[in-house]
Each structure stands twice: as structure tokens, then as C-alpha cells.
Amino acid sequence: MKNELNPTHLLRAFEIVTEFGEKIEDGHRLDGIDAFSDYDGYTIYLAGNGVQLRVGFHNTYDLDYEHENLKEQFLKKVDALVKNYKR
């Protein structure tokens, strides 16, 4: 799974959700994707539809999901965010 995703793309999706999303208890939500970070901001999370993506220091990441189809749907949502919310 490592090196399959572009960390810059993931960070852009995080920025979009926090900029345009609705404020929720732990972060922001946009188009079914939640974005939040740990207390120091070094680790960010994107989550939704049974999938959690953690992006850490030095652009490492971990994708947690139970079913492959959930992962694919989630990544399509992330891609759509980056595509549809251009600056």
C-alpha cells in the first residue's frame, strides 16, 4: 500500500475539507469526508464511509478499512474533492 497514494494530493484534500467544510466536534466535514488532526497538527486524518486515512510526518500514511470496495469509494471521494474545489 505504501507509495500508492500521493501525499500532496491527500494534504490538498485535507485543506479543502477544513476550508470549505462544516465545522464538527473534532474537525470539519465536507461531502461525506471528515478531516481532523492530532493535538500538535503533525498527523492529519481523513475519514468516511468506514475508512480512515492517517497522514503523518515525512508524508507517511496508513489506510485503515475493512473492505476493498469501501477503500475505493473513499479514494474516489477524495479525488473528487481535489478535482472539484480548485483555487
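Author: Glu-15 and Arg-12 both lie in helix H1, 3 residues apart, which is about one turn of the helix; helices here are DSSP runs of H or I with at least four residues, strands are runs of E with at least two, and both are numbered from the N terminus. This is a predicted model, in which local features need pLDDT of at least 70 and side-chain atom pairs count only at pLDDT 80 or more, whereas totals for chains, interfaces and linings use all residues. Residues are numbered from 1 along each chain as its sequence is written, and side-chain values use heavy atoms, with hydrogens and water left out.

Glu-15 forms a salt bridge with Arg-12, and the closest N and O atoms of the pair are 3.5 Å apart; the term salt bridge stands for a side-chain nitrogen of Lys or Arg within 4 Å of a carboxyl oxygen of Asp or Glu. Arg-12, in helix H1 (residues 7-20), is buried with a relative accessible area of 18%, while Glu-15 counts as partly exposed at 38% relative accessibility. In these terms buried means under 20% relative accessible area, exposed means over 50%, and partly exposed lies in between, with a 1.4 Å probe and protein chains only. The side chain of Arg-12 also reaches the backbone oxygen of Tyr-85, at 3.1 Å. Such a polar contact is a pair of N or O atoms within 3.5 Å, where within protein one atom must be able to donate a hydrogen and the other to accept it, and where residues adjacent in sequence count only if both atoms are side-chain atoms.

A search of the whole structure finds 5 salt bridges. Among them is the one between Glu-4 and Lys-71, whose closest N and O atoms are 3.8 Å apart. Because Glu-4 lies in the segment before H1 and Lys-71 in helix H2 (residues 68-84), this pair ties together parts that are 67 residues apart in sequence. Lys-71 is buried, with a relative accessible area of 4%.

Lys-71 forms a salt bridge with Glu-68 as well, with the closest N and O atoms 3.0 Å apart. These two residues, Lys-71 and Glu-68, are 3 residues apart in helix H2 and so are separated by about one helical turn, and Glu-68 counts as partly exposed at 43% relative accessibility. Salt bridges that share partners join Glu-4, Glu-68, Lys-71 and Glu-72 into one network.

Turning to the strands, which are taken to pair if DSSP finds at least two bridges between them, strand S2 (residues 28-30) and strand S3 (residues 33-37) pair in the antiparallel sense over 3 bridges. Leu-30 has Ile-33 in S3 as its bridge partner, and in this hairpin, which has 2 residues between the strands, Asp-31 takes a positive phi near 50°. S3 also pairs with strand S4 (residues 44-48), in the antiparallel sense and over 4 bridges, and there Ala-35 has Leu-46 in S4 as its bridge partner. The hairpin of S3 and S4 has 6 residues between the strands, and in it Gly-41 takes a positive phi near 80°.
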